[in-house]
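Dear colleague,

I am handing over the structure below, together with some notes on what was found in it. Please keep it open beside you while you read.

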Amino acid sequence: MTDVLIRPNEIREPARSGAVLSARTVTIAQDRGGHRSGVTLGSQVPPWLGAAFEELTAFAHLPPNWDGYHALPVDGTVLEFTADLIQRFPPSLPKPDMTPTAQGGITIEWNPSGMCLSLTLTPESEPTFYVEVGDEWWEGPIVDVPDAISSMVAKVRRA
Amino acid sequence: MVTELSLPLPCSVYADDATITDEHLLVRTVHPSWVRWEPVPHLKSEAFQDYPAKRLATMDPPVPAVAMSVSLLFEIEQCNLTIECCLGGFGEEYGLATLTAGQVRACNQGIVRWPIDEKPWHAMVFCLQGAQRSTRHKKQLARAATLVRLPARPS
C-alpha cells in the first residue's frame, strides 16, 4: 500500500479573490521509499483525471434543490479548488469517489479495505477530514490532518 | 449571512419524541449520487445530511435549526399508503432507504414529528449534542440503513 501524507500549506495563490477555500490549500506528497517528494502541477497526471473532470462538470450543472432536500448548487470556488487539487494527486493514487454535498461542497473519498479517508470541501467554512481505520476514527478541520494521518499510517504498518 | 453557528442548537429547539419508538422504521429518500455501486450498492454518508443552514429560513414552514428530513413509515401506513409515496415530489430516479428509530438514536440523534402540507408522516432527525451531525454519525447511519429501493444508476 502507498502511504500518503496530506498537509495544508500556503504555497498557492488564491484561485479566486476572497475565496475561503483557496486561502489554505492542500498538497499531496507521496512517500516513496522514505523520500518524500511533492507532486506539482505539470507532472504526470492521474489516469482517471478525465473521468473525474467529467464528474465535476456534472456537479457544476446541478441546479438548486438538486437532491430534493433544498440542497445548494455546488459552489464554483469549491469546484475550481477540487479540480486543481485532484490533478496534483500522484498518478498511482486510485480514483477518489467524489460526491456533492447539500451545503454546496464536495466530498473526496477513498475506501480501501477496512479504511476510509475523506476530505470535505465546503464554501465559507474550513475543509474537514475523516479518517477511519478499523474501529478507530478521527475527524475535524483539515489543519489537524497530519497527526491523524500519521496515526493511521502507523497502525497500517503495524497491521 | 446565515451560518450554522448563528442558528440555535438543534437540541434547544427540538425534543426527541418518545412516541416514535425504537422499533419504528424511518424512510429517507436517496438521490442517485448518494449510492456507491461497487462492489455492491450501498449508501454513502452524504445520504444523511442536514438541510443546508442557508435554506432554513426560506423553507415552508421555516425550520428553526438544522435537521434532516425523514418519513415515518407507520404513519404512512396509517394513511393507507405505501413506502413509495416518499418518492412524491422527488422523482422515479430516486431510491429509498430505511432504518429504525433505535438505530438513529444510537447515533446520538433525536426524532421529531414535523408534518408538512400533504405529508403528515414527515419528521426530522436532529443532533442531540452539537450543532451538526458528525461525519462519523453520518457514516454510522449509512451503514445501519437498508436500501429498499435502488436509485437509478448514473451513466
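Which residues does A:Ser118 touch, not counting residues up to four places away in sequence? Please bear in mind, before the reply, that this is a predicted model. The residues that A:Ser118 touches are A:Thr107, A:Ile108 and A:Glu109, together with A:Thr128, A:Phe129 and A:Tyr130. With one of these, A:Glu109, there is a polar contact of 3.2 Å between the side chains. As for A:Phe129, eleven residues separate it from A:Ser118 in sequence, while the two C-alpha atoms are 5.5 Å apart in space.

A:Ser118 itself has its place in strand S6 of chain A, and it counts as buried because its relative accessibility is 3%, where the cut-off for buried is under 20%.

The strands around this residue can be followed one after another. S6(A), which covers residues 115–121, pairs in the antiparallel sense with S7(A) over six bridges, and within this pairing A:Leu117 stands opposite A:Val131 of S7(A). The two strands form a hairpin with six residues between them, and in the turn A:Glu124 has a positive phi of about 65°.

S7(A), residues 128–133, pairs in turn with S8(A), residues 136–141, again in the antiparallel sense and over six bridges. Here the bridge partner of A:Tyr130 is A:Glu139 in S8(A). S7(A) and S8(A) also form a hairpin, with two residues between them, and A:Gly134 in that turn has a positive phi of about 60°. As to how far S7(A) is covered, five of its six residues are buried, so that the strand is mostly covered.

The remaining notes concern a helix. H2(A) runs over residues 49–60, and its twelve residues reach 16 Å from the first C-alpha to the last, which is close to the 16 Å expected at 1.5 Å a residue. Its buried residues are A:Leu49, A:Ala52, A:Leu56 and A:Phe59. Seen down the axis of H2(A), these buried residues fall within an arc of 70°, and they therefore line one face of the helix. What covers them includes helix H3 (76–86) of chain A, as well as strand S4 (97–100) and strand S5 (106–110) of that chain.

When you look through the model, you might begin with A:Ser118 in strand S6 of chain A, and then turn to the buried residues of H2(A), among them A:Leu56.

With best wishes

Methods:
Residues are numbered from 1 along each chain as its sequence is written. Chains are lettered from A and ligands numbered from 1 in the order in which they are written. This is a predicted model: local features need pLDDT of at least 70, side-chain atom pairs count only at pLDDT 80 or more; totals for chains, interfaces and linings use all residues. Side-chain values use heavy atoms; hydrogens and water are left out. Buried means under 20% relative accessible area, exposed over 50%, partly exposed in between (1.4 Å probe, protein chains only). Helices (H or I, at least four residues) and strands (E, at least two) are DSSP runs, numbered from the N terminus. Two strands pair if DSSP finds at least two bridges between them. Contact means heavy atoms within 4.5 Å. A polar contact is a pair of N or O atoms within 3.5 Å; within protein, one must be able to donate a hydrogen and the other to accept it, and residues adjacent in sequence count only if both atoms are side-chain atoms. The expected span of a helix is 1.5 Å times one less than its number of residues. The arc is that of the directions from the helix axis to the C-beta atoms.
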